[in-house]
Amino acid sequence: MEKMMTSQESLSLIVNMIEQAKGDFRKGGGKYFLLWGYVVALASILHFISVNIAVLDCIDIYIWPGVLLAGLGFTVYFKMRDRSRQSVKTYVGYMLGRIWAAFGIAVVLIYILLWNHNGLMIYPAISLIYTMALFLSASAFKLRWMYISVAVCVVCMVLYGFLSPVYQPLVMAAMITAGNIVPGHILNIKGRGNV
């Protein structure tokens, strides 16, 4: 026969589950931000180099698919490895997973539908939905400092209107550095403090 919990024990259980969920996010929160930050920054820089060096111009069509498939492979590996370690699943974590999955699907569709002019015309479209997904992530986790990353992304989007299309990959690399790489390192540093 199970013992009935008192209201104090129920409240304590709920508080402990919330704290555990926060700790799990912070301990592994930076991993995916860093993975995709470095993957996209690398692809952007390689694309910039391939477009501006005529010798490499023929490989630019393979850069994004190749690098993104590698990133996807690492993501699947990390997800499978983390599945056994995850003790608490939160609704916020679930929704953020769906937001970033929708972002990934939108990127693939943009890539398929708008690929022309060496792929440079798709950068503003991808950057727009990236900034929206980053804003939703900052909002969901109530990370006020991450709004600075969103603001940097908005400034970078404005730059697209003033720069030659050949520089758009560098703008994307700057956005990803501000939106993924810096926050990923911050999350990992904060996660170490919570261990």
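This is a predicted model: local features need pLDDT of at least 70, side-chain atom pairs count only at pLDDT 80 or more; totals for chains, interfaces and linings use all residues.
**Entry 1, the core.** I began with the largest nonpolar core, which holds 33 residues. Ile126, Tyr130, Leu134 and Met172 touch the most other members. I then looked up which elements give two or more residues to this core, and found α1 (7-52), α2 (60-83), α3 (91-114), α4 (123-141), α5 (146-160) and α6 (168-193). The largest share, 7 residues, comes from α1.

What does Met172 contact, leaving aside its neighbours within four places in sequence? My list reads Val40, Ser44, Tyr123, Ile126, Ser127 and Tyr160.

**Entry 3, helix α4.** I checked the span of α4: its 19 residues reach 27 Å from first C-alpha to last, close to the 27 Å expected at 1.5 Å a residue. Buried residues in α4 include Tyr123, Ile126, Tyr130, Leu134 and Ser137. An α-helix has 3.6 residues a turn, so residues three or four places apart point the same way. Just after α4, I noted that Lys142 takes a positive phi of about 55°.

My search of the whole structure turned up 9 aromatic pairs. In one of them, the ring centres of Tyr77 and Phe78 lie 5.7 Å apart with the planes at 50°, so I logged the pair as tilted. Buried or exposed, where does Phe78 fall? Phe78 counts as buried at 16% relative accessibility, while Tyr77 is partly exposed at 48%. Ring pairs also link Tyr77 and Phe78 into a cluster with Tyr32 and Phe74.

Lys31 lies over the face of Phe78, 5.4 Å from the ring centre. Lys79 lies over the face of Tyr32, at 4.9 Å from the ring centre.

Definitions and conventions:
Residues are numbered from 1 along each chain as its sequence is written. Side-chain values use heavy atoms; hydrogens and water are left out. A nonpolar core is a set of buried Ala, Val, Leu, Ile, Met, Phe, Trp, Tyr and Cys residues joined through side-chain atoms within 4.5 Å. Buried means under 20% relative accessible area, exposed over 50%, partly exposed in between (1.4 Å probe, protein chains only). Helices (H or I, at least four residues) and strands (E, at least two) are DSSP runs, numbered from the N terminus. Contact means heavy atoms within 4.5 Å. The expected span of a helix is 1.5 Å times one less than its number of residues. Rings of Phe, Tyr and Trp (its six-membered ring) pair if their centres lie within 6.5 Å; planes under 30 degrees apart count as stacked, over 60 as edge-to-face and the rest as tilted. A charge sits over a ring if NZ of Lys or CZ of Arg is within 6 Å of the ring centre and within 35 degrees of the ring normal.
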